[in-house]
Amino acid sequence: MSKANYKNLATKKRKILGPIGRMLLKVFNWKIEGEIPDLKKMILIGLPHTAMRDAWYALLAVWALDLKINFFGAAWVFTRLPSLFTISKNLDRLGVPWPLWWLQKYLMLKLGGIPVYRVNSKGLIHGAVEEFKDIDNYILVIAPEAGTEPVKKFRSGFYYLAKGLNIPYVPIEIDFKNRCFKIHQYRFVKGSFEEESEKIIDLFEGVQGATRSFKMLQEKE
């Protein structure tokens, strides 16, 4: 894995975490194919997202490439631990509470996290568009599937953010079969949400994630 000499991309030089990220990717036998485009503004969309450990490998890749990112995450992820069992029906209070939630929240925010409160998320995308319009240099990271379960359609956030901000999105495969992050060519939104979704589905069809291959569930007629 080689690092490109970026002039425009939002980067953050990490003297300790950068080398750690590159070392651990090598230890776990993961590689990065392709290069992040040298653009001031973009959205990275990662698929398939099938397990929470996707975030661990993605974090190592971010460190390895010295990227400075922002990402949207369910509010509970910032303060609670993942659980195999659903304790609360409140979508913002899933997972298991623990004493060091404050440290978890600090670290998540420090990494560029933006909490999403799913119980009341009305106006979230419009607000994000207005906020990021005034920022000159950023990388937004989004998982269009929103969670780790198979879905019938993507969440539309990536589409409306890319369209509203007039910035490209970069599809990235999280390929567990070949233990590889494959960076595809960036693209601008040109069609409807359904048309852009179909392009992405065709691009990722059959890619092996941590627990399953990528395939959209069929809508019931």
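Author: Hi! One term before we start: a residue is buried when its relative accessible area is under 20%, exposed when that area is over 50%, and partly exposed in between, using a 1.4 Å probe and protein chains only. This is a predicted model, where local features need pLDDT of at least 70 and side-chain atom pairs count only at pLDDT 80 or more, while totals for chains, interfaces and linings use all residues. Residues are numbered from 1 along each chain as its sequence is written, and side-chain values use heavy atoms, with hydrogens and water left out.

Reader: Thanks! Aspartate 66, then: buried or exposed?

Author: Aspartate 66 is buried, at a relative accessible area of 4%.

Reader: And which side chain does aspartate 66 meet in a salt bridge?

Author: That is lysine 13, at 4.0 Å from N to O. A salt bridge here needs a side-chain nitrogen of Lys or Arg within 4 Å of a carboxyl oxygen of Asp or Glu.

Reader: Nice. How many salt bridges does the rule give?

Author: The count comes to 5. Among them is the one between the side chains of glutamate 145 and arginine 212, at 3.7 Å from N to O. Glutamate 145 sits in the loop between E7 and helix H5 (157-165), with arginine 212 in the segment after helix H6 (193-204), so this pair joins parts 67 residues apart in sequence.

Reader: How accessible are glutamate 145 and arginine 212?

Author: Glutamate 145 counts as buried at 4% relative accessibility, and arginine 212 also counts as buried, at 16%.

Reader: Switching topic: what about strand E7?

Author: Strand E7 (residues 138-142) is mostly covered, with 4 of its 5 residues buried.

Reader: Which sense does E7 take in pairing with E2?

Author: Parallel: strand E2 (residues 41-47) pairs with E7 over 5 bridges, where pairing requires at least two bridges found by DSSP between the strands. Isoleucine 45 has isoleucine 142 of E7 as its bridge partner.

Reader: And how many bridges link E3 and E7?

Author: Strand E3 (residues 70-74) pairs with E7 over 2 bridges, in the parallel sense. There, asparagine 70 has leucine 140 of E7 as its bridge partner.
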